[in-house]
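Welcome! Take a moment to look over the sequence and the model, and then let us walk through the fold together.

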Amino acid sequence: MIGTVLCYVLLPAARLLRALRDAFFTCRKNVLLAKSTSTQIEGVFAATRGRSVPEEQEALLQQWLEEGAGNLPASESAPAVGKVSVTFSSDWLEGSELLMTSLSDLNSSPEVTRCAGQQFTELHTLASSELQDHAVTELTKLPAEEPVVVVGSAPWAAVVPQTDHQIAGCATIDIEVQNEDPAVLAWSLARDAETVPTEPPTWPIQATVQFCPFPTEVPYHEILWRDWEDLSVQPCVLEQVSENTPLFEFRIMSYNILAQDLVEQGLDLYLHCHPDILNWNYRLPNLLQEIQHWDPDVLCLQEVQENHYWEQLEPTFKEMGFACFYKRRTGTKTDGCAVCYKHSRFQLISFSPIEYFRPGLDVLNRDNVGLVLLLQPLLPEGLDLKAVSPLCVANTHVLFNPRRGDIKLAQMALLLAEIDKIAKTTEGSYYPVILCGDLNSVPDSPLYKFIRNGELSYHGMPAWKVSGQEDFSQQLYQRKLLAPLWPSSLGVTDNCQYVTLCQTKKLGRRKYSRDFLLQFHFCDVACERPPQLILLEGVTDAKPDRPAHWPKLAAMAKDPDPQPFIPRSSGVIQHGLNLTSVYSHFLPQRGRPEVTTMPMGLGATVDYIFYSAKPVEKGNRGGRRLYQDGALKLLGRLSLLSEDVLLLANGLPNPFCSSDHLCLLASFGLEISSLREG
């Protein structure tokens, strides 16, 4: 009998007391946060049990308690729950349990903000007088403090993440809209908070993911502001460009736009994002608006989904004045690369798609692709006697796998060989080259140095080290690169040139195939014993018999399939394109590295724009080749961001940037020469 009473009376009473306590603490938090000033609202609070409250924070809270109730407007009067006296515990002062939402967020889902107060009122109404007395007794055991008025609404309110059944039981209550724009208020709070040094917010990928509501009014264009850096006014550029030298100026953009199929296949990478901003119908207008805003003349895109390209992107780009070329990845992949150029500025000379997959080669067994275009700039009217050099534009997306640096190097060698073929002039020099793409390699990695310095010694290098994306040095088994990296049958030399385009080093030297030379192994001359050879019975006196499968002597007259000589070195690859990066990969004003993407909340640079320049004589600093502008001059670039700034915007993608990569944009100038001079 006693057990039945305990089960059916005391257990519900204990659950009711727990609900009363939780609802009460929720109301207290809303009041204190509503009274807080902009310099103390950092946007994220939480519960960290067992920690003491700092003296400065306790004094500040006491000031809120003393002054806040009297300064509230009449419209924010206390609800029917009345005044309650309770200690200000540190259990809910710190951590990451609370989310800051603006007034418009509360309008969109007011049931969340009013749920705690309504539950508190209903519990007071439904509970019996005996349980109420018991609840008051339990609350009075805590140290007393000044009474607090529970406020129902505020311009900023802390919302406790609640379960679906808790939110469903709350009624919808309209909240009065303040005169001040919430977006302006949010930005002003962020600007005021900049004066207080704060730690960057932790990345919200945990067991229970903190989801930030869809804040369309948050001024992301202010947080993610990117400056245009005008490099044409720098002394080094002014010295190279005289006042009488006209330039053909153009802009080029490189952008990994994040294929929608890849989003849906890897949703675990985007747990920090609201599902709405991952929707293609939301992302597409954002991407097109960004491209249209920066107005590039040449556009290099990666991760372009094939059906989206043909159905949406290409028709839109054509309306914007672009001519477009696309190459889907091989195999079953649904995305690829695209290069678009304004037909009012350029005319196509040649177009060459590249497939890196080669059957039977382990070093080239992936489905990545690239594009190489040779474009002729179109001069405006009135410059009929002027000429400008053609421009070679390449775009690629290299393999991601951090462990397979051997594949990355082989793919890059194929791309450089194609550029060498397309951009080489009849005199043996090169047209200006711009190489764009997602190379899945960090700055100063061996792959990056190979592109920039033109040489890499790879023999014995761990494959994971090539891209520098991750450190696998602790693994027991490590794949290492061995020379030669690819077989001669690929037709590419260690100088990243096609064999058919290589010049013979020694004129007049005949090159024969291996099969042709093996035919002489059993010829009559080879089977005759030289006179000076000592005769040893059973050793040097035996004449080998010709195998039956060997060809007859008549077939040895001429090599039917001569193969050109392929120079191979011992573990060193080179190229002669003289490429350097548009970006420096470091933000001196912030003292932080640039980032172009943020996988799993960690910033990294993997996207690049390389362009051909002129090496400085005897210019080598710390193993880095030094360059100066040649015929192609870098005039400006769109600044990149640092990791801490992107964390403030909840990483990538976000409501403002609809890709997990930032776009790269640069402005160039090509020298316009006179036909008479040519």
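## A buried helix

The buried residues of helix H14 are Pro 446, Leu 447, Tyr 448, Phe 450, Ile 451, Arg 452 and Asn 453, where buried means under 20% relative accessible area, exposed over 50% and partly exposed in between, with a 1.4 Å probe and protein chains only. Helices (H or I, at least four residues) and strands (E, at least two) are DSSP runs, numbered from the N terminus. Seven of the eight residues of H14 are buried, so the rest of the structure largely encloses this helix.

## About the model

This is a predicted model, in which local features need pLDDT of at least 70 and side-chain atom pairs count only at pLDDT 80 or more, while totals for chains, interfaces and linings use all residues. Residues are numbered from 1 along each chain as its sequence is written, and side-chain values use heavy atoms, leaving out hydrogens and water.

The protein has 17 helices and 25 strands, and 46% of its 678 residues are buried. Contact means heavy atoms within 4.5 Å. Among contacts between residues at least 6 apart in sequence, 78% join residues at least 24 apart.

## The open sheet

Six strands form an open sheet in the order S11-S12-S14-S15-S21-S18, with mixed pairing; two strands pair if DSSP finds at least two bridges between them. Strand S11 (346-355) and strand S18 (579-581) stand at the edges with a single partner strand each, so one side of each has no neighbour in the sheet. From one strand to the next, the twist averages 20 degrees. Axes are lines fitted to C-alpha atoms, for helices over the stretch in contact, and angles run from 0 to 180 degrees between N-to-C directions.

Within this sheet, strand S15 (residues 433-438) pairs with strand S21 (residues 607-612) in the antiparallel sense over five bridges, and Leu 435 stands opposite Phe 610 in S21. Helix H13 (residues 405-423) lies across S11, strand S12 (369-377), strand S14 (391-397), S15 and S18, running at about 165 degrees to S14.

## An enclosed strand

Which strands does S8 meet? Five bridges join S8 to strand S7 (residues 247-256), and the two run parallel; here Ser 254 stands opposite Cys 300 in S8. Six bridges join S8 to strand S10 (residues 335-342), and this pair runs antiparallel. Gln 305 stands opposite Asp 335 in S10. Eight of the eight residues of S8 (residues 298-305) are buried, so the rest of the structure largely encloses this strand.

Not counting residues up to four places away in sequence, Ile 434 touches several residues, among them Phe 250, Leu 391, Phe 610 and Phe 668.
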